[in-house]
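Here is a short report on charged side-chain pairs. Look at the sequence and the model first, then read on.

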Amino acid sequence: MAHTNFHNLQKKFWGFITPLLKPFLKPFISKFDGRRGWFAGRYINMDRYDSSVDNGCYIFGSFRNRLAFEYEIPLTNHCNLNCQTCTAFSPIAEKSFLSMEIFCRDVTRMAELYGSENIWLRMVGGEPLLHPQITQMIHLSRKLLPHALISITTNGLLARNMNENFYTVAKNNNIVILNSPYPPINADDIITFLRNLGINAFKTVENFSTRKIPLDIEGTQNAKISFARCTYRCNFIVDGMISRCFYPGVIIHFNKYFKKDLKTTDKDSIDIHKHTAKDIKEFLELPMDFCRYCKNDIYEYSEWKQSSKQISEWT
(Lines give C-alpha, C1' and ligand atoms only; values in the text may rest on other atoms or scores of the structure.)
Protein backbone atom coordinates (compact mmCIF):
# COMPACT_ATOMS: atom_id res chain seq x y z
CA MET A 1 0.00 0.00 0.00
CA ALA A 2 2.82 2.40 0.86
CA HIS A 3 4.50 1.66 -2.48
CA THR A 4 1.22 2.33 -4.34
CA ASN A 5 0.71 5.66 -2.56
CA PHE A 6 4.28 6.72 -3.31
CA HIS A 7 3.86 5.76 -6.95
CA ASN A 8 0.62 7.77 -7.22
CA LEU A 9 2.35 10.83 -5.71
CA GLN A 10 5.26 10.32 -8.11
CA LYS A 11 2.90 10.28 -11.09
CA LYS A 12 1.11 13.44 -9.93
CA PHE A 13 4.45 15.22 -9.40
CA TRP A 14 5.76 14.42 -12.87
CA GLY A 15 2.33 15.09 -14.37
CA PHE A 16 2.63 18.64 -13.01
CA ILE A 17 6.29 19.32 -13.76
CA THR A 18 6.67 17.65 -17.18
CA PRO A 19 4.67 20.29 -19.10
CA LEU A 20 6.87 22.96 -17.52
CA LEU A 21 10.07 21.17 -18.52
CA LYS A 22 8.97 20.14 -22.00
CA PRO A 23 9.94 23.37 -23.84
CA PHE A 24 13.48 23.10 -22.44
CA LEU A 25 13.80 19.35 -23.09
CA LYS A 26 12.26 19.19 -26.55
CA PRO A 27 15.51 19.90 -28.43
CA PHE A 28 17.07 16.92 -26.67
CA ILE A 29 14.23 14.38 -26.75
CA SER A 30 12.29 15.10 -29.92
CA LYS A 31 14.19 12.26 -31.51
CA PHE A 32 14.77 9.26 -29.26
CA ASP A 33 18.28 7.87 -29.19
CA GLY A 34 19.04 5.31 -26.51
CA ARG A 35 22.46 4.32 -27.80
CA ARG A 36 24.73 6.89 -26.24
CA GLY A 37 25.16 9.74 -23.79
CA TRP A 38 23.10 10.72 -20.78
CA PHE A 39 19.85 9.52 -22.38
CA ALA A 40 21.16 6.01 -23.07
CA GLY A 41 18.41 3.67 -21.90
CA ARG A 42 16.88 6.35 -19.67
CA TYR A 43 14.32 8.40 -21.55
CA ILE A 44 12.54 5.14 -22.33
CA ASN A 45 14.22 2.55 -20.18
CA MET A 46 13.47 -0.51 -22.26
CA ASP A 47 15.75 -2.63 -20.08
CA ARG A 48 13.00 -2.39 -17.44
CA TYR A 49 10.06 -2.10 -19.83
CA ASP A 50 7.00 -4.22 -19.15
CA SER A 51 3.92 -3.47 -21.21
CA SER A 52 1.63 -5.22 -18.74
CA VAL A 53 2.25 -2.97 -15.73
CA ASP A 54 2.70 0.71 -15.01
CA ASN A 55 5.57 0.54 -12.54
CA GLY A 56 7.01 4.03 -12.96
CA CYS A 57 10.09 2.71 -14.74
CA TYR A 58 10.32 5.55 -17.26
CA ILE A 59 12.06 8.87 -16.80
CA PHE A 60 9.51 11.56 -15.80
CA GLY A 61 7.17 8.90 -14.46
CA SER A 62 5.40 6.64 -16.93
CA PHE A 63 6.25 7.41 -20.55
CA ARG A 64 3.16 5.59 -21.77
CA ASN A 65 0.82 7.78 -19.76
CA ARG A 66 2.11 10.78 -21.70
CA LEU A 67 1.68 9.30 -25.14
CA ALA A 68 -0.95 10.82 -27.41
CA PHE A 69 -1.52 7.34 -28.83
CA GLU A 70 0.18 3.96 -29.23
CA TYR A 71 -0.68 1.01 -31.41
CA GLU A 72 0.62 -2.33 -32.67
CA ILE A 73 0.53 -3.76 -36.18
CA PRO A 74 1.38 -7.46 -36.66
CA LEU A 75 3.54 -7.95 -39.75
CA THR A 76 3.31 -11.73 -39.62
CA ASN A 77 1.15 -14.31 -37.88
CA HIS A 78 3.69 -17.12 -37.87
CA CYS A 79 6.97 -17.28 -35.95
CA ASN A 80 10.27 -19.17 -35.93
CA LEU A 81 10.44 -19.99 -32.23
CA ASN A 82 7.24 -21.91 -31.38
CA CYS A 83 6.61 -20.73 -27.81
CA GLN A 84 4.10 -22.47 -25.58
CA THR A 85 1.00 -20.35 -24.68
CA CYS A 86 1.87 -17.72 -27.33
CA THR A 87 -0.83 -15.06 -27.11
CA ALA A 88 -0.60 -14.46 -30.87
CA PHE A 89 -1.27 -18.20 -31.49
CA SER A 90 1.80 -18.23 -33.73
CA PRO A 91 2.58 -21.96 -33.25
CA ILE A 92 -0.81 -22.84 -34.76
CA ALA A 93 -1.15 -19.96 -37.23
CA GLU A 94 -0.64 -20.46 -40.95
CA LYS A 95 2.26 -18.68 -42.61
CA SER A 96 1.19 -15.21 -43.76
CA PHE A 97 2.63 -11.75 -44.30
CA LEU A 98 0.90 -8.39 -44.00
CA SER A 99 0.75 -6.77 -47.42
CA MET A 100 2.68 -3.57 -48.03
CA GLU A 101 -0.53 -2.03 -49.37
CA ILE A 102 -2.47 -2.62 -46.14
CA PHE A 103 0.45 -1.54 -43.96
CA CYS A 104 0.82 1.71 -45.92
CA ARG A 105 -2.92 2.37 -45.87
CA ASP A 106 -3.30 1.81 -42.12
CA VAL A 107 -0.20 3.73 -40.98
CA THR A 108 -1.11 6.59 -43.30
CA ARG A 109 -4.57 6.73 -41.76
CA MET A 110 -3.22 6.63 -38.20
CA ALA A 111 -0.86 9.49 -39.07
CA GLU A 112 -3.85 11.47 -40.36
CA LEU A 113 -5.80 10.75 -37.17
CA TYR A 114 -3.13 11.25 -34.50
CA GLY A 115 -0.14 12.87 -36.14
CA SER A 116 3.41 11.91 -35.21
CA GLU A 117 4.23 13.70 -31.94
CA ASN A 118 4.16 11.45 -28.85
CA ILE A 119 3.09 8.43 -30.93
CA TRP A 120 4.43 4.91 -30.47
CA LEU A 121 4.10 2.47 -33.38
CA ARG A 122 5.11 -1.10 -32.54
CA MET A 123 5.69 -3.57 -35.36
CA VAL A 124 5.03 -7.00 -33.91
CA GLY A 125 4.21 -10.56 -34.94
CA GLY A 126 4.44 -13.49 -34.98
CA GLU A 127 8.02 -12.70 -35.76
CA PRO A 128 8.27 -9.41 -37.71
CA LEU A 129 11.85 -9.97 -38.91
CA LEU A 130 10.50 -12.81 -41.07
CA HIS A 131 8.67 -10.28 -43.23
CA PRO A 132 10.45 -9.94 -46.60
CA GLN A 133 9.54 -6.23 -46.84
CA ILE A 134 10.31 -5.15 -43.30
CA THR A 135 13.05 -2.77 -44.45
CA GLN A 136 10.62 -0.97 -46.73
CA MET A 137 8.08 -0.86 -43.91
CA ILE A 138 10.64 0.78 -41.61
CA HIS A 139 11.44 3.41 -44.22
CA LEU A 140 7.76 4.10 -44.93
CA SER A 141 6.71 4.28 -41.27
CA ARG A 142 9.44 6.84 -40.50
CA LYS A 143 8.42 8.91 -43.53
CA LEU A 144 4.81 8.94 -42.33
CA LEU A 145 5.69 9.35 -38.64
CA PRO A 146 8.80 11.57 -38.52
CA HIS A 147 8.64 12.26 -34.76
CA ALA A 148 7.18 8.99 -33.46
CA LEU A 149 8.81 6.26 -31.45
CA ILE A 150 8.86 3.29 -33.84
CA SER A 151 9.85 -0.13 -32.55
CA ILE A 152 10.13 -3.72 -33.73
CA THR A 153 9.48 -6.47 -31.19
CA THR A 154 11.47 -9.59 -32.04
CA ASN A 155 12.62 -12.86 -30.52
CA GLY A 156 16.06 -12.05 -31.93
CA LEU A 157 16.71 -15.29 -33.80
CA LEU A 158 17.22 -13.40 -37.07
CA ALA A 159 18.74 -10.26 -35.59
CA ARG A 160 22.30 -11.20 -36.61
CA ASN A 161 21.32 -12.44 -40.07
CA MET A 162 19.49 -9.55 -41.70
CA ASN A 163 20.92 -7.97 -44.84
CA GLU A 164 23.15 -4.91 -44.66
CA ASN A 165 20.40 -2.60 -45.87
CA PHE A 166 18.15 -3.53 -42.94
CA TYR A 167 20.72 -2.43 -40.37
CA THR A 168 21.46 0.79 -42.25
CA VAL A 169 17.78 1.70 -42.57
CA ALA A 170 17.06 0.81 -38.93
CA LYS A 171 19.93 3.00 -37.77
CA ASN A 172 19.26 5.94 -40.07
CA ASN A 173 15.55 5.94 -39.25
CA ASN A 174 16.14 5.76 -35.52
CA ILE A 175 14.21 2.52 -35.01
CA VAL A 176 14.10 0.80 -31.62
CA ILE A 177 14.51 -2.97 -31.68
CA LEU A 178 12.95 -4.66 -28.66
CA ASN A 179 14.33 -8.13 -27.99
CA SER A 180 12.13 -10.49 -25.97
CA PRO A 181 14.61 -12.47 -23.84
CA TYR A 182 13.32 -15.99 -24.39
CA PRO A 183 15.60 -18.55 -22.68
CA PRO A 184 16.88 -20.26 -25.87
CA ILE A 185 18.35 -16.93 -27.01
CA ASN A 186 21.08 -14.76 -25.48
CA ALA A 187 19.30 -11.40 -25.63
CA ASP A 188 22.25 -9.51 -24.14
CA ASP A 189 24.56 -10.63 -26.94
CA ILE A 190 22.01 -9.64 -29.57
CA ILE A 191 21.51 -6.22 -27.99
CA THR A 192 25.28 -5.67 -27.89
CA PHE A 193 25.55 -6.70 -31.54
CA LEU A 194 22.83 -4.26 -32.61
CA ARG A 195 24.14 -1.38 -30.50
CA ASN A 196 27.59 -1.85 -32.00
CA LEU A 197 25.92 -1.20 -35.35
CA GLY A 198 24.49 2.03 -33.95
CA ILE A 199 20.94 0.68 -33.58
CA ASN A 200 18.70 1.30 -30.57
CA ALA A 201 18.22 -2.10 -28.93
CA PHE A 202 16.72 -3.12 -25.59
CA LYS A 203 15.12 -6.07 -23.86
CA THR A 204 11.34 -6.02 -23.60
CA VAL A 205 11.55 -7.24 -20.00
CA GLU A 206 14.47 -7.74 -17.68
CA ASN A 207 13.53 -11.28 -16.62
CA PHE A 208 11.41 -13.52 -18.81
CA SER A 209 8.57 -15.69 -17.56
CA THR A 210 5.85 -17.52 -19.46
CA ARG A 211 2.43 -16.19 -18.53
CA LYS A 212 -0.79 -17.88 -19.57
CA ILE A 213 -4.18 -16.16 -19.46
CA PRO A 214 -6.67 -19.01 -19.89
CA LEU A 215 -9.47 -18.67 -22.41
CA ASP A 216 -13.01 -19.57 -21.38
CA ILE A 217 -14.26 -21.45 -24.45
CA GLU A 218 -17.89 -21.06 -23.36
CA GLY A 219 -17.60 -17.29 -22.90
CA THR A 220 -19.14 -17.21 -19.42
CA GLN A 221 -16.94 -14.48 -17.91
CA ASN A 222 -18.27 -11.06 -16.96
CA ALA A 223 -16.97 -8.90 -19.81
CA LYS A 224 -17.00 -5.64 -17.84
CA ILE A 225 -15.04 -7.14 -14.94
CA SER A 226 -12.54 -8.84 -17.26
CA PHE A 227 -11.99 -5.59 -19.13
CA ALA A 228 -11.52 -3.57 -15.94
CA ARG A 229 -8.77 -5.79 -14.58
CA CYS A 230 -7.02 -6.37 -17.92
CA THR A 231 -3.38 -5.30 -18.19
CA TYR A 232 -3.09 -6.14 -21.90
CA ARG A 233 -4.41 -3.06 -23.68
CA CYS A 234 -2.52 -2.94 -26.91
CA ASN A 235 -4.50 -0.94 -29.52
CA PHE A 236 -4.01 -3.75 -32.02
CA ILE A 237 -4.66 -3.05 -35.73
CA VAL A 238 -5.51 -5.81 -38.21
CA ASP A 239 -6.54 -4.78 -41.72
CA GLY A 240 -7.92 -1.40 -40.73
CA MET A 241 -9.73 -2.61 -37.61
CA ILE A 242 -8.39 -1.49 -34.23
CA SER A 243 -9.13 -3.26 -30.96
CA ARG A 244 -8.02 -2.62 -27.38
CA CYS A 245 -6.77 -6.23 -27.29
CA PHE A 246 -4.89 -8.55 -29.60
CA TYR A 247 -7.33 -11.47 -29.16
CA PRO A 248 -10.10 -10.29 -31.53
CA GLY A 249 -7.51 -9.86 -34.28
CA VAL A 250 -5.83 -13.25 -33.88
CA ILE A 251 -8.53 -15.57 -32.48
CA ILE A 252 -9.16 -16.74 -36.03
CA HIS A 253 -6.02 -18.90 -35.78
CA PHE A 254 -7.22 -20.58 -32.57
CA ASN A 255 -10.70 -21.17 -34.02
CA LYS A 256 -9.38 -22.63 -37.25
CA TYR A 257 -6.79 -24.94 -35.70
CA PHE A 258 -8.96 -26.29 -32.88
CA LYS A 259 -12.29 -26.03 -34.78
CA LYS A 260 -13.82 -23.69 -32.20
CA ASP A 261 -16.12 -20.70 -32.59
CA LEU A 262 -15.10 -17.90 -30.22
CA LYS A 263 -17.02 -15.05 -31.80
CA THR A 264 -16.08 -11.41 -32.31
CA THR A 265 -18.64 -8.62 -32.63
CA ASP A 266 -18.78 -4.97 -33.66
CA LYS A 267 -18.07 -4.12 -30.00
CA ASP A 268 -14.60 -5.67 -30.25
CA SER A 269 -13.01 -3.46 -32.92
CA ILE A 270 -13.65 -0.29 -34.90
CA ASP A 271 -12.73 0.73 -38.46
CA ILE A 272 -10.00 3.39 -38.41
CA HIS A 273 -10.92 4.45 -41.95
CA LYS A 274 -14.55 5.24 -41.11
CA HIS A 275 -14.24 6.97 -37.73
CA THR A 276 -12.61 10.02 -36.20
CA ALA A 277 -9.77 10.02 -33.67
CA LYS A 278 -12.27 10.98 -30.96
CA ASP A 279 -14.61 8.12 -31.93
CA ILE A 280 -11.77 5.62 -31.79
CA LYS A 281 -10.40 6.77 -28.44
CA GLU A 282 -13.86 6.65 -26.88
CA PHE A 283 -14.53 3.20 -28.34
CA LEU A 284 -11.26 1.82 -26.98
CA GLU A 285 -12.25 2.80 -23.44
CA LEU A 286 -15.35 0.58 -23.55
CA PRO A 287 -15.46 -3.11 -22.54
CA MET A 288 -15.36 -5.53 -25.44
CA ASP A 289 -17.78 -8.40 -25.98
CA PHE A 290 -14.75 -10.67 -26.42
CA CYS A 291 -13.74 -10.05 -22.80
CA ARG A 292 -16.29 -12.70 -21.85
CA TYR A 293 -13.83 -15.32 -23.09
CA CYS A 294 -10.93 -14.12 -20.95
CA LYS A 295 -10.26 -15.63 -17.52
CA ASN A 296 -7.79 -12.93 -16.59
CA ASP A 297 -8.34 -13.42 -12.87
CA ILE A 298 -6.12 -16.48 -13.29
CA TYR A 299 -2.53 -15.98 -14.47
CA GLU A 300 -0.51 -19.16 -14.75
CA TYR A 301 3.28 -18.86 -14.76
CA SER A 302 5.68 -21.55 -15.97
CA GLU A 303 9.12 -22.09 -17.47
CA TRP A 304 9.53 -21.45 -21.18
CA LYS A 305 8.81 -24.46 -23.38
CA GLN A 306 8.18 -25.12 -27.02
CA SER A 307 4.55 -25.52 -27.95
CA SER A 308 3.06 -28.98 -28.34
CA LYS A 309 0.06 -27.33 -30.04
CA GLN A 310 -2.43 -28.64 -27.50
CA ILE A 311 -5.56 -26.64 -26.70
CA SER A 312 -4.69 -26.89 -22.99
CA GLU A 313 -1.89 -24.35 -23.60
CA TRP A 314 -4.52 -21.66 -24.07
CA THR A 315 -7.47 -22.84 -21.97
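## Salt bridges in the model

Twelve salt bridges are present in this predicted structure. A salt bridge here is a side-chain nitrogen of Lys or Arg within 4 Å of a carboxyl oxygen of Asp or Glu. Side chains of opposite charge can pair when their charged atoms come close.

The model is predicted, so local features need pLDDT of at least 70, side-chain atom pairs count only at pLDDT 80 or more, and totals for chains, interfaces and linings use all residues. Residues are numbered from 1 along each chain as its sequence is written, and side-chain values use heavy atoms, with hydrogens and water left out.

## Lys 256 and Glu 94

Lys 256 pairs with Glu 94, and their closest N and O atoms are 2.9 Å apart. Lys 256 sits in helix α7 (residues 247–258), while Glu 94 is in the loop between β1 (69–74) and α2 (100–114), so the bridge ties together parts 162 residues apart in sequence. Helices (H or I, at least four residues) and strands (E, at least two) are DSSP runs, numbered from the N terminus.

Lys 256 is exposed, at 55% relative accessible area. Buried means under 20%, exposed over 50%, and partly exposed in between (1.4 Å probe, protein chains only).

## Asp 188 and Lys 203

Asp 188 forms a salt bridge with Lys 203, at 3.3 Å between the closest N and O atoms. Asp 188 belongs to helix α5 (residues 187–196) and Lys 203 to strand β5 (residues 200–203), 15 residues apart. Asp 188 is partly exposed at 44% relative accessibility. Lys 203 is buried at 8%.

Glu 70, Glu 72 and Arg 122 form one network, joined by salt bridges that share partners.
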